[in-house]
Amino acid sequence: MMDQIIQIDGSQGEGGGQILRTALALSIVTGRPVHLFNLRAGRRNPGLAPQHLAGVRAAAQICGAEVEGARIGSTEITFRPAGAAQAGQYTFDISRLAGQGSAGSVTLLLQTLLLPLALASGDSSLVLRGGTHVAWSPPTHYIEWILLPTLAQAGIHASIQLTAWGWYPEGGGQVEVTIKGRARLQGLDLTQRKPLRSLKGLAVACNLPSHIPQRISARANNVLRAAGLPPAVQPLRTGGASTGAGIFIGLDYENIYAGFSALGARGKPSEAVADEAVMPLINYHQQNTALDPHLPDQLLPALALAEGPSVLSTVEITRHTLTNVAVIGHFLERRITVEGKEGGPGTIRVEAS
C-alpha cells in the first residue's frame with residue numbers, strides 16, 4: 001500500500017549517506033513515507049552528520065514533508081512527504097541547515113534534490129553553499145562534465161555553475177543549478193564505448209602557490225602523453241574562502257562521458273595527486289567497458305523510473321552501486337540485475353516496467 005511506511009536499515013551495503021539520499025529522493029517521487037534506522041551505524045561518528053541533516057531538511061522543504069529525528073547524531077529518521085516536489089527558487093546553505101559550520105558536499109545535497117525537482121511541474125533554480133570539491137563526494141566538475149550530460153540522454157536536463165570554490169574544512173563554496181521540470185525519463189543503453197573525441201582537465205590550487213597546479217598538470221600531461229592520450233590538463237591558481245588543491249579530468253567519447261579526480265592534502269606530493277587521478281583513467285580507457293566506476297549508482301534512481309529498459313557496462317561494480325540497487329528495490333517494483341562481482345567489471349540491467 002502506498003501509505004505503508006517503508007523500513008530501511010541504514011547499515012546495509014556501503015552503510016553511509018547514499019542510502020539516506022536515495023531513500024529521500026524516491027520517497028518524494030513515489031509519495032511513500034520511509035523510516036530509516038541504523039543510519040551510518042558503521043562509521044566512526046554514527047548517525048546524521050551536518051551534511052546529512054542538511055539533506056533531510058532541504059528534502060523536506062521542497063515537498064513539505066513531516067520529519068521525525070532530524071538532528072545531529074540521530075541514527076533514525078521518519079520522513080513523510082506531503083506531496084510531490086514543488087518547483088521554485090531555493091537557496092540551501094549546508095552550514096545554516098545543519099546549524100553549525102560545515103564543508104558538507106553541495107553535490108551530494110544535489111543528489112537528493114535533482115530527481116524530484118526534474119519530475120516537478122515546473123523549472124527550478126538552486127543556490128547551494130558548502131563544499132564544492134571535498135573528499136568522498138563527486139566534485140562539481142564531475143557533475144558538470146559527466147553526470148549531467150549523461151542524465152540529459154535519459155531526459156533530465158539541468159546545468160550547474162561553480163561560482164565559488166569550497167574545500168575542506170572551511171567550505172564556503174557555491175554553485176548555481178538550474179533544473180528543467182516535467183522530465184520524461186528514457187532508458188539508456190550504455191554498453192559499447194565509441195572512440196574518444198576529447199579530453200579536458202584542470203589542476204587547481206586555491207590560496208596556494210602557483211607551482212602546485214603547474215606541477216600537478218605537468219605530471220598529469222606527461223603520463224597522459226605516454227599513454228597516447230591528449231595532454232590537455234590546464235593549471236589554474238585561484239582564491240576563495242578556503243584552501244585546497246586537486247585535479248579534475250573529463251573524457252568525452254562519442255557516446256559516453258567519464259571522469260576522474262584527486263584531491264591534494266598537506267604533505268602529499270603534487271605528482272602523487274596527478275597519479276591518483278590519471279592512473280585509474282588510463283586503466284579505464286584501456287578496457288572495453290562503458291562507464292567509469294562512479295557513474296552507475298548515480299544514474300540508477302532515474303533509470304529505475306524511466307520508460308523502457310536500460311543496460312550499463314562499467315569498469316567496476318562498486319558497493320555504492322549494489323547498495324543503490326537494494327534501496328531502489330524498497331520503493332519500486334523494477335527488476336535490476338547486476339552481472340559481475342563487486343570490485344570487478346560488470347553489467348547492470350534495468351528491466352522494462
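**Close-up views of a predicted model**

View 1. Helix H1, residues 17-30, contains 14 residues, and from its first C-alpha to its last it reaches 20 Å, close to the 20 Å expected at 1.5 Å a residue. The model shown here and in the other views is predicted. H1 is mostly covered, with 13 of its 14 residues buried. Gly31 follows H1 and has a positive phi, near 75°.

**View 2. Gln18 in helix H1.** Gln18 is found in H1. Is Gln18 buried or exposed? Its relative accessible area is 3%, and buried means under 20%, so Gln18 is buried. Which residues are in contact with Gln18, leaving aside its neighbours within four places in sequence? They are Asp297, His320, Thr323 and Asn324.

**View 3. Helices H8 and H9.** Two packed helices are described by the angle between their axes and the distance between the axes. For helix H8 (residues 296-303) and helix H9 (residues 319-331), the angle is about 15° and the axes are 8 Å apart. Angles under 35 degrees count as roughly parallel, and H8 and H9 are therefore roughly parallel to each other. Their crossing is right-handed. On the H8 side, the contact is made by Pro296, Asp297, Leu300 and Pro301. On the H9 side, it is made by His320, Thr321, Asn324, Val325 and Ile328. The residues of this contact between H8 and H9 divide into five nonpolar, three polar and one charged. Asp297 of H8, along with His320 and Asn324 of H9, takes part in this contact, and these three residues are also in contact with Gln18.

**View 4. Helices H6 and H7.** Helix H6 (residues 211-226) and helix H7 (residues 270-285) have axes that come within 8 Å and cross at roughly 35°. The crossing of H6 and H7 is right-handed. From H6, the residues that meet H7 are Ile212, Arg215, Ile216, Arg219, Ala220, Val223 and Leu224. How do the residues of the contact of H6 with H7 divide into nonpolar, polar and charged? Eleven are nonpolar, one is polar and four are charged.

**View 5. Asn45 in a loop.** Asn45 lies in the loop between strand E2 (34-37) and helix H2 (50-63). Exposed means over 50% relative accessible area, so Asn45, at 54%, counts as exposed. Asn45 and Gly73 are 28 residues apart in sequence, while their C-alpha atoms are 7.7 Å apart in space.

Technical notes. Residues are numbered from 1 along each chain as its sequence is written. This is a predicted model: local features need pLDDT of at least 70, side-chain atom pairs count only at pLDDT 80 or more; totals for chains, interfaces and linings use all residues. Side-chain values use heavy atoms; hydrogens and water are left out. Helices (H or I, at least four residues) and strands (E, at least two) are DSSP runs, numbered from the N terminus. The expected span of a helix is 1.5 Å times one less than its number of residues. Buried means under 20% relative accessible area, exposed over 50%, partly exposed in between (1.4 Å probe, protein chains only). Axes are lines fitted to C-alpha atoms, for helices over the stretch in contact, and angles run from 0 to 180 degrees between N-to-C directions. Angles under 35 degrees count as roughly parallel, over 145 as roughly antiparallel, 65 to 115 as roughly perpendicular and the rest as oblique. A crossing is left-handed if the near helix is turned anticlockwise from the far one by less than a right angle, and right-handed if clockwise. Contact means heavy atoms within 4.5 Å. Ala, Val, Leu, Ile, Met, Phe, Trp, Tyr, Cys and Pro count as nonpolar, Asp, Glu, Lys and Arg as charged, and the others, Gly among them, as polar.
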